[in-house]
Amino acid sequence: MKILVRDVWTKLGGIDVLRGVTLEISSTSSIALIGRNGAGKTTLLRTILGILRPHKGSIIIEKDGEHIQATQMKPYKIARLGIGYVPQGRMIFPDLTVEENLEVAYGSPVPPDVLEWIYTIMPDLKKLRKRLGMYLSGGEQQMLAIARALVRRPKILLLDEPLEGLAPKIVKTITKTLRDIREEGVGLFITEPGNIKRVKPLAEKAYGIDRGEIVYSGNLDRILQDPLARKRIWGL
Ligand SMILES: Nc1ncnc2c1ncn2[C@@H]1O[C@H](COP(=O)(O)OP(=O)(O)O)[C@@H](O)[C@H]1O
Ligand SMILES: [Mg+2]
């Protein structure tokens, strides 16, 4: 499965926040989207998910040999095609337990085989399944936010700054979990404000974004050697 984003323009508050974004996301790869705060990363994810409507351009989902026009599709339908979302700031329900958070995401009790699959990937979350969201640490909340995005067994996971605000040890744990999810055949698209080292174990390919424009597309390893990316993303 692939998400083909073609010349997408999205406005927020009357201003073009995305300005002709073209890129490709696939269920067989892991890609980082690098851009500083305000570059348009969250806006891009929300546009792909159908939460925001672009005023120009298209989003096509390629699935089982079919090209599905997803530009004006409702968010639930886009999600149903196999796209999971881990929002920035996690957004879990503090008054619900871990398992209740997963149930809300699924819309009914999560099928046992799916739950087992999730707990195999995240054994620590199983131990916490009766704990309220508010009593989870930052890292545990991030695990839950990722687990919640897995309940419908997506083919592609969009993760908005999943490593932000976490201690180095926790970053390691989340990184391992994301690698395991990748091994399960789920494509990853991970936004990151600027720390290349942090996403290196997670992604092969990278896009750079600045002021709503794609300023780099290529190997993650080479982004720091690219003059335009250096200038636009890091001001170097
Ligand atoms: N609701 C909004 N109304 C107007 N402008 C917004 C809104 N949300 C975000 N923006 C602006 O859009 C730009 C991109 O924001 P965002 O996509 O959140 O960037 P990022 O996720 O890369 O930090 C920023 O300049 C931000 O100030
Ligand atoms: Mg953001």
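What follows is a short exchange on how some terms apply to this predicted model.

Colleague: What are the ground rules?
Modeller: In this predicted model, local features need pLDDT of at least 70 and side-chain atom pairs count only at pLDDT 80 or more, while totals for chains, interfaces and linings use all residues. Residues are numbered from 1 along each chain as its sequence is written, and side-chain values use heavy atoms, without hydrogens and water.

Colleague: Why is Tyr76 called partly exposed?
Modeller: Buried means under 20% relative accessible area, exposed over 50%, and partly exposed in between (1.4 Å probe, protein chains only). Tyr76 has a relative accessible area of 46%, so Tyr76 is partly exposed.

Colleague: How do you know that Arg90 has no salt bridge?
Modeller: A salt bridge needs a side-chain nitrogen of Lys or Arg within 4 Å of a carboxyl oxygen of Asp or Glu. Lys and Arg count as positive, Asp and Glu as negative; His and the chain ends are not counted. The nearest side chain of opposite charge to the buried Arg90 is Glu164, 8.6 Å away, so there is no salt bridge.

Colleague: Which backbone atom lies 3.3 Å from a polar atom of the Arg90 side chain?
Modeller: That atom is the backbone oxygen of Glu164.

Colleague: What makes Arg153 count as lying over the face of Trp117?
Modeller: A charge sits over a ring if NZ of Lys or CZ of Arg is within 6 Å of the ring centre and within 35 degrees of the ring normal. Arg153 lies over the face of Trp117 at 3.8 Å from the ring centre. Lys205 lies over the face of Tyr207, at 4.6 Å from the ring centre.

Conventions
Chains are lettered from A and ligands numbered from 1 in the order in which they are written. A polar contact is a pair of N or O atoms within 3.5 Å; within protein, one must be able to donate a hydrogen and the other to accept it, and residues adjacent in sequence count only if both atoms are side-chain atoms.
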